[in-house]
Amino acid sequence: MPVLPFRGRRVPENPAPGDESPAVVAGAASAAAADVEPPPAVVPDNTAAAFFDVDNTMMMGASLFWFARGLAARKYFTARDLALFAWQQAKFRMAGNESADDMHTIRENALAFVTGRPVSEIIEAGEEIYDELMADRIWAGTRVLAQKHLDAGQRVWLVTATPVELASIIAQRLGLTGALGTVSEVKDGRYTGRLVGEMMHGEAKAEAVRALAEREGLDLSRCTAYSDSSNDLPMLTLTGTAVAVNPDTELRAVARSRGWQIRDFRTGRKAAKIGLPALGAAALSGGVVGGALAIRRRNQPPPPVAPPKRLRFF
């Protein structure tokens, strides 16, 4: 009578030829047949794409603020510089239709801290800063929207006033196609402190999307644009579909009047009522000034402890 194998019996690692058990043979045959065909790939949709603004659309708050905060921690500039930059950014967001002088001042100050520095150095710092300060501030809901386009075989680009180097890092970390951002002039691998053209803002975003669509053969009527700000109306009206994400007051009104989809991932009644230009400015200026004061406090000795007051009894 043949001896039955007991439960848990191990098959020899190197069985003699012809000595394999039926289970081993069946397992090997099944494994060999399981991956004959490669996994089905997403069918590319080469004429449709999606374009996402970054600040308050893909990310909570201003990406340039978090970048500046990370650079300040690395001693690229002083706490006073950071506070001044915060005020200018707040004024820029609250004004909406900023003047040419305001734009010039913001541009010059934003470029000053990288002038003369190697591009490779800023990119390396940007990668670290994204992981430290930005990764946890990506809106999960907006990320899902981007992934739906990718799953449909469409390409997805970020479109932002943030420097293109930082925008590209964000896109890469999120698994997106690429980014359209503000381009700085580079000579011999270092920043000159000048822009190529102007900041990627307002009409410039629409021009960038239009140029990319022409180069890539995109049908803009089949494309989708996402933003939180009325400043991005030129881009939103350029594509066949527009979606207002965490919209400011003006964009919400426009979206309702035109029947655009509105997606609000913010929580709390206050966030729903306050326009994003004001909300973004408050968060930006408060956060930067708070960070600046924190840095200043770290660099100053603690204040002397006052002696206790003497009690008087009557």
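In this predicted model, six strands form an open sheet with parallel pairing, in the order 3-2-1-6-7-8. Strand 3 (178-182) and strand 8 (261-263) are at the edges; each has a single partner strand, so one side of each lacks a neighbour in the sheet. From one strand to the next, the twist averages 20°.

Strand 7 (residues 241-245) and strand 8 run parallel and are joined by three bridges. Within this part of the sheet, valine 243 is opposite glutamine 261 of strand 8.

Two helices that lie across the sheet come next. Helix 6 (residues 140-151) lies across strand 1 (49-52), strand 2 (155-163), strand 6 (224-227), strand 7 and strand 8, and runs at about 160° to strand 1. Helix 10 (residues 249-258) lies across strand 6, strand 7 and strand 8, at about 145° to strand 8.

The side chains can be read in terms of nonpolar cores. The largest nonpolar core has 42 residues, of which Phe52, Phe67, Met134, Leu158, Ile170 and Leu176 touch the most other members. Two or more residues each come from strand 1, helix 2 (63-73), helix 5 (119-134), helix 6, strand 2, helix 7 (164-174) and strand 7.

Apart from neighbours within four places in sequence, phenylalanine 67 is in contact with Phe113, Ile122, Gly126, Ile129, Met134 and Leu166.

Definitions and conventions: Residues numbered from 1 in each chain as written. Predicted model: local features only at pLDDT ≥ 70, side-chain atom pairs only at ≥ 80, totals over all residues. Heavy atoms only, no water. Pairing = 2+ DSSP bridges. Helix = DSSP H or I, 4+ residues; strand = E, 2+ residues; numbered from the N terminus. Axes fitted to C-alpha atoms, helices over the stretch in contact; angles between N-to-C directions. Contact = heavy atoms within 4.5 Å. Core = buried A, V, L, I, M, F, W, Y, C linked by side-chain atoms within 4.5 Å. Buried < 20%, exposed > 50% of the residue type's maximum accessible area, 1.4 Å probe, protein only.
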